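Work through the exercises below with the structure in view, trying each task before reading its solution.

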Amino acid sequence: MKKPWLVLLSSMLFLNVQAQQVIPLYDFSPIPNQGPKASLTDEIEEGSGKDSFHRIKNITKPSITVYKPAKPNGTSVIICPGGGYYILAIDHEGVDVAKMFNEAGVTAFVLKYRLPSTANLMEVNEIGPLMDAQQAIRLVRSRAKEFGINPDRIGIMGFSAGGHVASTAGTHFEKPVGNWKGRSDVSVRPDFMILLYPVITMDPSFTHMGSHDALLGKKPTAELETEYSNEKQITSKTPPTFLVHAADDKAVPVNNSISFFQALEKNGIPVELHVYPKGGHGFGMNNKTTPDQWTERLKNWMSTLFKD
């Protein structure tokens, strides 16, 4: 365990090197849904050498990190890194993805959302990640002119458990879990979703049980499982969606993406699904088992979303 001052220094160095701008999600206090034992600093795990990485946990001060392209095209994406609702894999499912988007002219926002797995960090665990995702959409949309983006071209993206955060934001927007003065009239509906090997369901028969237990507890009610099984929450207003999964994913079964695809298609929602035979779980932008690049498929798909 790192000493608190080392954790804080690590966080500062990491943000200074990687980030263009870090904006707190909540410009008021107390932060909504903050638990009684929330710590003052996030904890960052670091690797070194070939195992270099950053993983963030114990998050109490959620934020977005802004990545602006040299030539913005008006589209933006809020990125939710995965980590089983225990940590955030902030590099290969966050910062690296933001840089890819910047190369394509897309403004990116990496979301550091609160995690439900640590006791007493939030008053109500299951609403915490969604609350932060909705606030991120609200913040980005309300400041669209400042960021140089179109307020009607804001997408949300998620990897693994971050895919559950993103797909929850894309299916639960009609009942926001937090409305606050100054932004309560701003829509929290994303204009599109991008989901990579996402946790979609809380159905124990094909969910990722680690994410299930972290978010809902080990013995949730059937009603709570249904509420956060996002394949069951799709309507005609659900935004267009792009999905990527590997058929041999042993952590998050591919049926998560397939069931979501089928429900979207049934409701007439534009959807594109890419299932690779191999790749496992957590491959980020680079599935080493295939020369095909899903990022190129994504760029093609996004080019058809908005016709100026």
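**Aromatic pairs in a predicted model**

With ring centres required to lie within 6.5 Å, the count comes to seven aromatic pairs; the model examined here is a predicted one.

**Exercise 1.** Classify the pair formed by the rings of Tyr-26 and Phe-28 from their centres and planes.

*Solution.* Begin with the distance: the two ring centres are 5.9 Å apart, and the cut-off for a pair is 6.5 Å. Turn next to the angle, where planes over 60 degrees apart count as edge-to-face; the planes of Tyr-26 and Phe-28 stand at 75°, so this pair is edge-to-face.

**Exercise 2.** Classify the pair of Phe-192 and Phe-306, and say where in the chain each residue lies.

*Solution.* The ring centres of Phe-192 and Phe-306 are 5.8 Å apart and their planes are at 65°, so the pair is edge-to-face. Phe-192 belongs to strand β9 (residues 192-196), while Phe-306 lies in the segment after α9 (294-305); being 114 residues apart, they link distant parts of the chain. Phe-192 is buried, its relative accessible area being 0%, and Phe-306 is partly exposed at 22%.

**Exercise 3.** Over which ring does the charged end of Arg-189 sit?

*Solution.* The charged end of Arg-189 sits over the ring of Phe-173, at 5.7 Å from the centre of that ring.

How values were computed:
Residues are numbered from 1 along each chain as its sequence is written. This is a predicted model: local features need pLDDT of at least 70, side-chain atom pairs count only at pLDDT 80 or more; totals for chains, interfaces and linings use all residues. Side-chain values use heavy atoms; hydrogens and water are left out. Rings of Phe, Tyr and Trp (its six-membered ring) pair if their centres lie within 6.5 Å; planes under 30 degrees apart count as stacked, over 60 as edge-to-face and the rest as tilted. Helices (H or I, at least four residues) and strands (E, at least two) are DSSP runs, numbered from the N terminus. Buried means under 20% relative accessible area, exposed over 50%, partly exposed in between (1.4 Å probe, protein chains only). A charge sits over a ring if NZ of Lys or CZ of Arg is within 6 Å of the ring centre and within 35 degrees of the ring normal.
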